[in-house]
Amino acid sequence: MSPTAPLELSLRLAIPADARSLGVLGTQVFLDTYAPQGIRPLIADEVIEHFSTDAIERLLAQPATTFVVAESAGHLIGFAQLTRGAKPPHSEAVDAVELARLYVLERFTSRGVGKRLLHESERWAASNHAMMLWLTAWIGNARALAFYAAQGYTEAGKTVYDFQGELYENRVFAKTLAPR
Ligand SMILES: CC(C)(COP(=O)(O)OP(=O)(O)OC[C@H]1O[C@@H](n2cnc3c(N)ncnc32)[C@H](O)[C@@H]1OP(=O)(O)O)[C@@H](O)C(=O)NCCC(=O)NCCS
């Protein structure tokens with residue numbers, strides 16, 4: 001397949017049988033994004049804590065959690081992880097959904113997959129009566145900061161991500177959703 005060939009892309013909600021694939025996909029995107037220098041114990045701990053099959057199965061079993069998955073030719077290539085009812089920092093909004101993760105495999109980036117997953121997340125959140133979709137992005141993740149700004153998200157403060165005891169500054173982004 002040439003890298004510019006149009007993608008056959010379909011989106012759907014995850015099912016329990018996706019847990020292993022979601023964990024492996026999450027591991028790959030996490031390492032590509034946050035481990036450019038390689039692996040150290042802290043990074044290994046973070047991956048095992050969040051992307052083991054058990055961890056993803058537990059998330060899939062939580063009523064507040066939904067994954068939208070992007071599939072191409074029978075393979076998962078990205079996902080959006082959504083948390084219903086998660087209150088954003090610095091806001092009193094109660095009817096909000098957090099975009100906890102938006103992950104696209106590196107070789108499929110810049111081809112519209114992130115945008116499709118984000119739009120589907122907004123549609124899902126609005127149809128679940130949310131008035132806001134919000135997320136946090138690490139200040140060192142320039143691509144993600146540019147992506148969310150280009151998609152109409154506005155900065156709504158700062159927060160800190162506790163990475164196995166190391167603290168990293170994150171930006172909060174939010175978008176008000178049109179009611180459905
Ligand atoms: C950030 C991410 C989700 C974007 O997904 P993507 O599939 O690459 O983005 P798309 O192809 O849908 O791009 C949509 C828009 O984002 C912007 N964009 C995409 N890549 C960009 C880049 N490298 N630099 C600046 N803007 C970019 C463009 O405005 C683009 O608009 P266009 O369609 O008019 O060209 C993806 O790169 C990713 O998964 N990265 C690794 C994990 C990560 O950082 N997740 C976010 C953590 S908060």
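A backbone N or O atom of Arg111 lies 3.0 Å from an oxygen atom of the ligand, a polar contact in the sense of a pair of N or O atoms within 3.5 Å. For Gly112 the corresponding distance from a backbone N or O atom to a ligand oxygen is 2.7 Å, and for Val104 it is 2.8 Å. The protein covers 74% of the 930 Å² of accessible area that the ligand has on its own (Shrake-Rupley method, 1.4 Å probe). The model is predicted: local features need pLDDT of at least 70 and side-chain atom pairs pLDDT 80 or more, whereas totals for chains, interfaces and linings use all residues. Residues are numbered from 1 along each chain as its sequence is written, and side-chain values use heavy atoms, without hydrogens and water.

The shell around the ligand holds 23 residues (a heavy atom within 4 Å). Val104, Gly112, Gly114, Lys115 and Asn141 come nearest. By class, the shell comprises 12 nonpolar, 8 polar and 3 charged residues, with Gly counted as polar. At least two shell residues each are supplied by helices H1 (19-34), H4 (113-127) and H5 (142-150) and by strands E4 (96-104) and E5 (132-138); these elements are DSSP runs of at least four residues for helices and at least two for strands. The largest share, 6 residues, comes from H5.

Side chains of opposite charge can pair when their charged atoms come close. The model contains 8 salt bridges (a side-chain nitrogen of Lys or Arg within 4 Å of a carboxyl oxygen of Asp or Glu). One of them joins Glu106 to Arg143, with the closest N and O atoms 3.0 Å apart. This pair links distant parts of the chain, 37 residues apart: Glu106 lies in the loop between E4 and H4, and Arg143 in helix H5.

Terms used. Polar contact = N/O pair within 3.5 Å; in protein donor to acceptor, adjacent residues only side chain to side chain.
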